[in-house]
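Here are a few notes to read alongside the model.

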Amino acid sequence: MSADQRSPPWKDVARDGDEDDPDAGRLMSERIASEIRSAVLSGEMCPGMRIRQELLAAHFGASRIPVREALKQLENEGLVVMAPNRGAWIADVNSEESIEIYKIREAVEPLAIGESVPNLTDEDVAALDRIVRELEHVTTLEEYIQLDREFHLRTYSRAGMPQLLAMVERFWNSTQHFRRQFVSETYAKDGLPFSDPQHVLIMDAIRARDVDAAQVLVRLHIRRTRVVIQTTERGAVSSPVSGRGALPRPSRFGLSRKRQQ
């Protein structure tokens, strides 16, 4: 048998291990979840895309057990929807649901930053400051989306409220595609890089340990996006969230891009 005909060593180990070795199965499940999470947040796997567990199992060289566990984890994170006898697909929200989520975010994220700011270390502040500077110079949309997410979630990271932070991250996950389209067709419509003064103001408040200012600025920052989405829905401006089709990239998992109705 030639080298080309042999299965990759990791494939055989993974298939045997995930059924007989709980640790191997857990590691495979974490790997599958990590790769799908990355693909969803980057836009490679689009909202509404059907997930076929047998294709994922074949792609990763695993049984369906770690695939199911990975999908359950991603469902908890708001990235995947699973339904009995119907399968699984990448989570999707419409504009009305997105507006509701943004209204909730306006209420809970000021709480998160208010609890976090007093506990941020000097190293945290330095890292946040570096992210803000990087945001001023990025030249691709994906870089901007990734850094923007990292900045905001890191400002909340010292809140010491794990249930709140899990809720916030779930909301960010479920509206990631809205945020990408919003930035692309609203603030980055004339190209990158572009400057967002609100990030700078939030950073100034954090640096000064001004909790009240940080809370007000975060609330306004979220409200800005919500108001634009609402205005768009009323047809006042060209919609930044209407073209929600798949980005022109092949899925690494061989999954169909046809949205499920």
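1. Let's start in the strands: Val80 stands opposite Ile90 in β3. Strand β2 (residues 80–83) pairs with β3 in the antiparallel sense over four bridges. Strands here are DSSP runs (E, at least two residues), as helices are (H or I, at least four residues), numbered from the N terminus, and two strands pair if DSSP finds at least two bridges between them.

2. A word on the basis of all this. This is a predicted model, in which local features need pLDDT of at least 70 and side-chain atom pairs count only at pLDDT 80 or more, while totals for chains, interfaces and linings use all residues. Residues are numbered from 1 along each chain as its sequence is written, and side-chain values use heavy atoms, with hydrogens and water left out.

3. β3 (residues 87–90) has another partner: β1 (residues 50–51) pairs with β3 in the antiparallel sense over two bridges. Within that pairing, Ile51 has Ala88 as its bridge partner.

4. Now have a look at the turn. Three residues separate β2 and β3 in their hairpin, and Asn85 in the turn has a positive phi of about 65°. Asn85 counts as exposed because its relative accessibility is 86%; the classes are buried under 20% relative accessible area, exposed over 50% and partly exposed in between (1.4 Å probe, protein chains only).

5. Which residues does Glu109 touch, not counting those up to four places away in sequence? They are Tyr156, Val168, Trp172, Val218 and Ile222, where contact means heavy atoms within 4.5 Å. Glu109 lies in helix α5 (residues 95–116) and counts as buried, at 0% relative accessibility.

6. The side chain of Glu109 also makes polar contacts, with the side chain of Arg105 at 2.4 Å and with that of Tyr156 at 2.5 Å. A polar contact is a pair of N or O atoms within 3.5 Å; within protein, one must be able to donate a hydrogen and the other to accept it, and residues adjacent in sequence count only if both atoms are side-chain atoms.

7. In helix α10 (residues 197–207), the buried residues are His199, Ile202, Met203, Ala205 and Ile206. They lie on the same side of α10 because they cover an arc of only 160° around the axis, taken from the directions from the helix axis to the C-beta atoms.

8. Two backbone details are worth checking on either side of α10. In the loop between α9 (176–187) and α10 lies Pro193, joined to Leu192 by a cis peptide bond with omega of about 0°. Just after α10, Arg209 takes a positive phi of about 55°; Arg209 is partly exposed, with a relative accessible area of 32%.
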